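Please consult the sequence and the model alongside the text.

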Amino acid sequence: MSVISAARAQLGVQVHRSGATYGLEEEIFITEPTRPALSALYAMTKLLWQRPRYYYKHSATNFARGKDARQCLMSSVEIATRPHYDTETLLADLQARRADLAQAAGAAYLVPVGHLFDLESPTNTGGLHLHIGVAPERRDTVYANLAYFLPLLMLLSASSPYAGGRYFGQSYRMAHSFAIGALRDDPCYRFQDLIISRRLGTIEIRAFDPIWDVARLRWLLQAVDAIVALPEARPLNLERYATLREQAACTGYTPDLQRLYAELRAFFELPENLLQRTISDELAAGMRAEGLLAVYARLNHAYRTGRWEQVAPHPVKASAGRAALGLLGYYLPKLPYIAYKAWAEWR
């Protein structure tokens, strides 16, 4: 990296190198006040009918599975962007989607974390999925290079420090979610950290937790773009990957990940403090000082306004009536598309 390019990156100025396209799917929780309820479907109904052509395909809802459903049936909700060639346009699209969701959710809490702090439920999680469109002849190289650096990048997003009310580490979701995991020999297998999507043909990073902080997300996207632009493939070692991802999820910025950061820094100047103090660290400190509802109130405020500051929690209740309207107005109309997506992703 030249001195000028490094300076621009340090200032957070977007430097697009790869020519790839990028799209985001963001899964967060709508809570009332600390747990999701089926009345979250009413917010999604309002979102859908605000812009039905767009949100029919660019929104989704998730539910806990098996025995986890006894703890809490409703899980995260999803909003998605269109694909874009540059980071700033992508972020502007995401912020517009967030504003739409905030308006539809009303007084409910919007909680952008990978796993709710008072649950221990591997099927009840949220995430940030990044779709990367590259030419088919570059797909294997890009996949290998993303896999090489992905455990380090996971720390940029880690936001799930608690499970069952107990401190876990950087991300319970990254360590235990049913929908992600260490890489396999088959890159098309859906439930792993990094896949080649059968439905879209993109490379999809599934490992990231939600990130409320747009500035931090910008750094993550720029780092990914710099990796995508690398001309030669790094070695793809599945055992190494599994070891490093476990360190990122459970421990944090270990000596092994510090060495990986030194390799990344050779071509991209990512601020090291983003790895040394994660979102997860900030949330854990908030839990110790303020408690669950106060931290969720902070997260809701930060997601809606971009400002991390203390705010007073407000009362909000789940509603069986809103749940029924949500099932009729959102879930039933979406069933054909849900069935199509399931078929396309597993065929």
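How many of the 14 residues of H13 are buried? The count is 11, so H13 is largely enclosed by the rest of the structure; buried here means under 20% relative accessible area, exposed over 50%, and partly exposed in between, with a 1.4 Å probe and protein chains only.

The model is predicted: local features need pLDDT of at least 70, side-chain atom pairs count only at pLDDT 80 or more, and totals for chains, interfaces and linings use all residues. Residues are numbered from 1 along each chain as its sequence is written, and side-chain values use heavy atoms, without hydrogens and water.

Helix H13 spans residues 292-305 and reaches 20 Å from its first C-alpha to its last, close to the 20 Å expected at 1.5 Å a residue. Among its buried residues are Leu292, Tyr296, Arg298 and His301. The buried residues pack against E1, E3, H5, E4 and H12.

| Residue | Element | Relative accessibility |
|---|---|---|
| Thr31 | strand E1 (residues 21-31) | 0% |
| Ala323 | helix H14 (residues 320-346) | 10% |

The side chain of Thr31 reaches the backbone oxygen of Pro33 at 2.5 Å. Beyond four places in sequence, Thr31 is in contact (heavy atoms within 4.5 Å) with residues including Tyr109, Tyr296 and Val316. Tyr296 is also one of the buried residues of H13.

With residues up to four places away left out, Ala323 touches Leu38 and Ser39. The C-alpha atoms of Ala323 and Ser157 are separated by 31 Å, at 166 residues apart along the chain.

Note on methods
Helix = DSSP H or I, 4+ residues; strand = E, 2+ residues; numbered from the N terminus. Polar contact = N/O pair within 3.5 Å; in protein donor to acceptor, adjacent residues only side chain to side chain. Expected span 1.5 Å × (residues − 1).
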